[in-house]
Each structure stands twice: as C-alpha cells, then as structure tokens.
Amino acid sequence: MEVCIDSVLSAINAEKGGAARLELCANLSEGGTTPTTGMLKTIKKYVKIPVFVMLRPRGGDFLYSSEEIEVMKSELVDLKEAGADGFVFGCLNEDGTVDKQLCSKFLDLIRPLPATFHRAIDMTSDILQALDDVVDLGFQRVLTSGGSSSALEGLPMIQQMVERAGDRTCVMPGGGINSGNLNRILDGCGAKEFHGSARATLHSKMSYRKEGITMGAALCPPEFSVKVTDKDKVLQLVHQGHTHKR
C-alpha cells in the first residue's frame, strides 16, 4: 500500500500502519501539489519507508507554461538533493495526449530514482495509448482511477490497463479506495499495489476559537480540524491487501 500524505504526523501514522511507501504532497484538497523541502527533510527524519514526492506546481490541469516548467525543474533538483526516494508527476499536451518530450526531460533529471505517472493519465483523450506512451518513456508505475472519478467506477478500465501493461510497468489503482471496496477492486483488476489516504479528522487543540472567519478562499475547510492519515485505517487496508487472494 502506498499512502498519500501531507504532514509529518500522517507520515508517521502511515508507516506505523504498515504502508510500504509514501506519496508526499501539499494541498491534497486540490489533488496534491509540490511539497516543501522542509517538509520532506523533516519526514525523512521520522520514517524509514520510501518517500515519493509530488511534482506539480499548482492545482488544475496538467498543461504547464514555460514559467511553471522552470519552477518544476528547480523544485525537482532541490527535492532530489533533500532526499526524495522517487517522484510523482505527469504532463499533458493541449489535445489530451501525454507530453512525451517534457516528461522525458523530467525523467532525465530524476534518474536514477524511480518515477510514477500520476492521475493525469485519467484526464487523457485515449487512456490506453497514454499508458503505452508512459511505459515507453520508462515510468516504473502508473497511478490511475481508470479514467473515472474513483477506482471503483473505473475498475473495468483499470483491469484492461493491468493486462495491457503486463510486467512492463506497475498499474496502481487509486481514488476513493477504502476497506469497504478494496477487495472488490483487487479482485476486479488483479493489481499488486494500491494507493489510498486512509484519512481521519483530527480536531484542533485550540481552546480559543474565533468564529465567522476562515483563512481559505472559495474552498473553506473547517478551521479547527485537519485531515490526517489514520494508523488503524492503514493497518486495516494493509492487512486486507496481504490476505487478499490473488
């Protein structure tokens, strides 16, 4: 199980729960963006499992400007130097195809570390052709919900992707996976890895709470609670994955 996290506490809980790998992001409410080097360095002090880092300068689409690409390259270099064990990214062209030229340039900077093509693949115009492109580029792993809003909804396509990829790359289902649907997803697609957040609400320790004001803009999450990875939820999912009949 790979667990996506955005805090030190979530990283610690995920490892305690039995996660095999972490995907470190910022802004999970926007699908994940590039975290800070400070966050990566601190997490690496507390966990021993591999930490893959999201490389995404903003929320929204995966068509990046020259300025955004410059930012991504700079952050990649800094995060690699800070101890990242791998990277997670994806770049698309205007027509919804994989931007093979740009992805190749990033992969050159990432090597010899491994790379995962993230759920940008779910936004492509032809997901199976995109999978072939990603394999040819040399990505070790593809995170996907099968082109749907959740892995359960995209299960038929994920099965096709697993079969098409074979042993050329690892197709990893992700998107809305929980203890209630994990077995059905693994049964339905034959994947050997899966991705989830296993999050729970952690309430603030603030005794004084000013009401009627938030720090967010259009998206206003609760001011006095945060989402963190729950160790017991990870443990349950990992146990299900280990005992699942393949």
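Tutor: Let us begin with a pair of strands. Strand E6 (residues 141–144) and E7 run parallel and are joined by four bridges. The model is a predicted one, in which local features need pLDDT of at least 70 and side-chain atom pairs count only at pLDDT 80 or more, while totals for chains, interfaces and linings use all residues. Residues are numbered from 1 along each chain as its sequence is written, and side-chain values use heavy atoms, with hydrogens and water left out.

Student: What makes E6 and E7 a pair of strands?

Tutor: Two strands pair if DSSP finds at least two bridges between them; E6 and E7 have four bridges, so they qualify. Helices (H or I, at least four residues) and strands (E, at least two) are DSSP runs, numbered from the N terminus.

Student: Which unit do E6, H6 and E7 make?

Tutor: They make a right-handed β-α-β unit. The crossover is called right-handed if, with the strands pointing away from the viewer, the path from the first strand over the helix to the second runs clockwise.

Student: Where is Thr-169, and why is Thr-169 called buried?

Tutor: Thr-169 is found in the loop between helix H6 (155–165) and strand E7 (170–173). Its relative accessible area is 8%. Buried means under 20%, exposed over 50% and partly exposed in between (1.4 Å probe, protein chains only), so Thr-169 is buried.

Student: How do you know that the side chain of Thr-169 reaches the backbone oxygen of Phe-139?

Tutor: The distance is 3.0 Å. A polar contact is a pair of N or O atoms within 3.5 Å; within protein, one must be able to donate a hydrogen and the other to accept it, and residues adjacent in sequence count only if both atoms are side-chain atoms. A polar atom of the Thr-169 side chain also lies 3.3 Å from the backbone nitrogen of Arg-141.

Student: What makes the link between Arg-21 and Glu-2 a salt bridge?

Tutor: A salt bridge is a side-chain nitrogen of Lys or Arg within 4 Å of a carboxyl oxygen of Asp or Glu. The closest N and O atoms of Arg-21 and Glu-2 are 2.6 Å apart, so the term applies. Arg-21 lies in strand E2 (residues 21–24) and Glu-2 in strand E1 (residues 2–5), so the pair ties together parts that are 19 residues apart in sequence.

Student: Which other salt bridge does Arg-21 form with a glutamate, Glu-193?

Tutor: The side chains of Arg-21 and Glu-193 meet at 2.9 Å, N to O. This pair links distant parts of the chain, 172 residues apart, with Glu-193 in the loop between helix H7 (182–189) and strand E8 (195–196).

Student: Are Arg-21 and Glu-193 buried or partly exposed?

Tutor: Arg-21 has a relative accessible area of 9% and is therefore buried. Glu-193, at 21%, is therefore partly exposed.

Student: How many salt bridges are counted by this rule?

Tutor: The count comes to twelve. Another of them joins Arg-119 to Asp-122, with the closest N and O atoms 2.9 Å apart. Arg-119 is partly exposed at 31% relative accessible area, whereas Asp-122 counts as buried at 10%.
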